[in-house]
Amino acid sequence: MRFGDWPHGVTRFVMVFWAAIALALVPQAVSAQDAAEAPAAEAAPAEGAAAAGDAAPVAGGYEPLGPEWIKGQPTAGGWDVQDQFSPIGETASGLHFGLMWVMGIICIFVLGLLLWVVVRYRRGANPTPSKTTHNTFIEVVWTLVPVLILVGIAVPSISLLSDQYESPPKDAVTIKVTGYQWYWGYGYPDNGGFEVISNMLPEDEAKAKGLPALLAVDNRLVVPVDTPLRIQTTAADVIHSFAVPSLWFKIDAVPGRLNERLLTIEEPGIYYGQCSELCGARHGYMPIAVEALPRDQWEAWVRSQPGGTVGDEAEAAPAAPAADASAAEGEEAAAENAGGAETAAATN
Ligand SMILES: [Cu+2]
């Protein structure tokens, strides 16, 4: 390109640049409108959920949660991370969006400086350029400011990283997740050792129940809400990965190895995920459905399972409050009486 053409080239570049920006922003504006309309639509299920919560059986019974309780699932046209329902998820998505703002502001600032230099100091507007080569003040500023920004990012980032490695407390409910080709098994070693096998529902069956196809399963992973869960993963054949986006939870399930992570779910509801490690022909058809229930309803569900026990009720003594089961003594008693669990369940 000859220098004589330069202003023309700049004009063309600027026009193409703004056209690209406009093209990139229009779909986002449209989805922002969609998002603005969404709350009205969401309000109804929330009311339904509250009503269902009031009507839900408390003493003794267990009813699987209906579709109005679905909280974590992908949405059509969605372009952000899913809403978060675990403490780690809320921190992590907050950090994610905070960093997006930091990156956006820095990009716009640098781009603005660049455009200003290109336009203001082009040869036509500035025929005799400055001979300045150093400016101590500016150099100190452009070193210190990025350092401070990076330190500001590192503090929440590293503390989030360490939070994600936090060990589950002693009273956590242990759930052993086993990946199979191509379904999931959920074992409850603290509650009588039963295992739930979870297969994807066929599409017509899922739709008949008002549940999302390819995500709905026959037996969900039922867990207590607001309770630390010790999720242990392994696999029986090849590597799978247990992942639920709305709980910010993903951990590989590796044959011959037990991985462990703490999970706490804050609200009752249904949270969908999928196997996230390419594991064979039906990798895409082994969804995960987590159903979080209030503690009493979860205990009712455990008792409805073959050999399911809560706390140290396998003992002949009257059942102690569930909270006591967490004590070391309770665990030992539970271990001693694990063999008796089936007998106790049979007599119920
Ligand atoms: Cu898999």
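Predicted model: local features only at pLDDT ≥ 70, side-chain atom pairs only at ≥ 80, totals over all residues.
Trp 248 is buried, with 23 other C-beta atoms within 10 Å. Trp 248 sits in the loop between β7 (240-244) and β8 (249-253). Although Trp 248 is not a glycine, its phi is positive, at about 50°. Asp 226 also has a positive phi without being a glycine, in this case about 55°. Asp 226 belongs to the loop between β5 and β6 (229-235), and it counts as exposed because 12 C-beta neighbours lie inside 10 Å. A further backbone detail is found between Gln 181 and Trp 182, which are joined by a cis peptide bond with omega of about 0°. Trp 182 is placed in the loop between β2 (173-180) and β3 (183-187).

With these local details in hand, the whole chain can be considered. Seven helices and 11 strands are present in the chain. Of its 348 residues, 26% are buried. How much of the contact between residues at least 6 apart in sequence joins residues at least 24 apart? In this chain the share is 64%.

Two packed helices are described by the angle between their axes and the distance between the axes. Helix α2 (residues 87-120) packs against helix α3 (residues 136-164) at an angle of about 160°, and the two axes are 10 Å apart. Angles over 145 degrees count as roughly antiparallel, and α2 and α3 are therefore roughly antiparallel to each other. Their crossing is left-handed. On the α2 side, the contact is made by Ile 88, Thr 91, Ala 92, Leu 95, Leu 99 and Val 102. On the α3 side, the contributing residues are Ile 149, Ile 153, Pro 156, Ser 157, Leu 160, Asp 163 and Gln 164. An α-helix has 3.6 residues a turn, so residues three or four places apart point the same way.

The UniProt record, an unreviewed entry, annotates residues 99-119 and 140-161 as "transmembrane region". In the model, residues 99-119 are 100% helix and 0% strand, and the C-alpha atoms at the ends of this span lie 30 Å apart. Residues 140-161 are likewise 100% helix and 0% strand, with end C-alpha atoms 31 Å apart.

Attention now turns to the nonpolar core. The largest such core holds 49 residues, and those touching the most other members are Ile 175, Val 223, Leu 247, Ile 288, Ala 289 and Val 290. Strand β11 (residues 287-293) supplies the largest share of this core, five residues. What does Val 223 touch, leaving aside residues up to four places away in sequence? Its partners are Ile 175, Leu 229, Ile 265, Val 290, Ala 292 and Trp 298. Trp 298 is also one of the buried residues of helix α5 (residues 295-304), along with Gln 297, Glu 299, Ala 300, Trp 301 and Val 302. The cover over the buried residues of α5 includes β5 (221-224) and β11.

Lys 71 is found in strand β1 (residues 70-72). Is Lys 71 buried or exposed? Lys 71 is buried, because 24 other C-beta atoms lie within 10 Å and the cut-off for a buried residue is 20 or more. Lys 71 and Ser 246 are 175 residues apart along the chain, yet their C-alpha atoms are separated by 8.1 Å. Apart from residues up to four places away in sequence, Lys 71 touches Phe 85, Ser 246, Glu 267, Gly 269, Ile 270 and Tyr 271.

Leu 211, in the loop between α4 (203-208) and β5, counts as partly exposed because it has 19 C-beta neighbours inside 10 Å. Leu 211 and Gly 66 are 145 residues apart in sequence, with a C-alpha to C-alpha distance of 8.2 Å. Beyond residues up to four places away in sequence, Leu 211 touches Pro 67, Leu 201, Ala 206 and Ala 216.

Asn 259 lies in strand β9 (residues 259-263) and, with 16 C-beta neighbours inside 10 Å, counts as partly exposed. The C-alpha atoms of Asn 259 and Ile 231 are separated by 8.1 Å, and these two residues are 28 apart along the chain. Not counting residues up to four places away in sequence, Asn 259 touches Gln 232, Thr 233, Ile 251, Asp 252 and Val 254.

Technical notes: Residues numbered from 1 in each chain as written. Core = buried A, V, L, I, M, F, W, Y, C linked by C-beta atoms within 7 Å. Helix = DSSP H or I, 4+ residues; strand = E, 2+ residues; numbered from the N terminus. Contact = placed C-beta atoms within 7 Å. UniProt positions renumbered as here; feature names shortened; annotations may be inferred. Axes fitted to C-alpha atoms, helices over the stretch in contact; angles between N-to-C directions. Parallel < 35°, antiparallel > 145°, perpendicular 65-115°, else oblique. Left-handed = near helix turned anticlockwise from the far one by under 90°.
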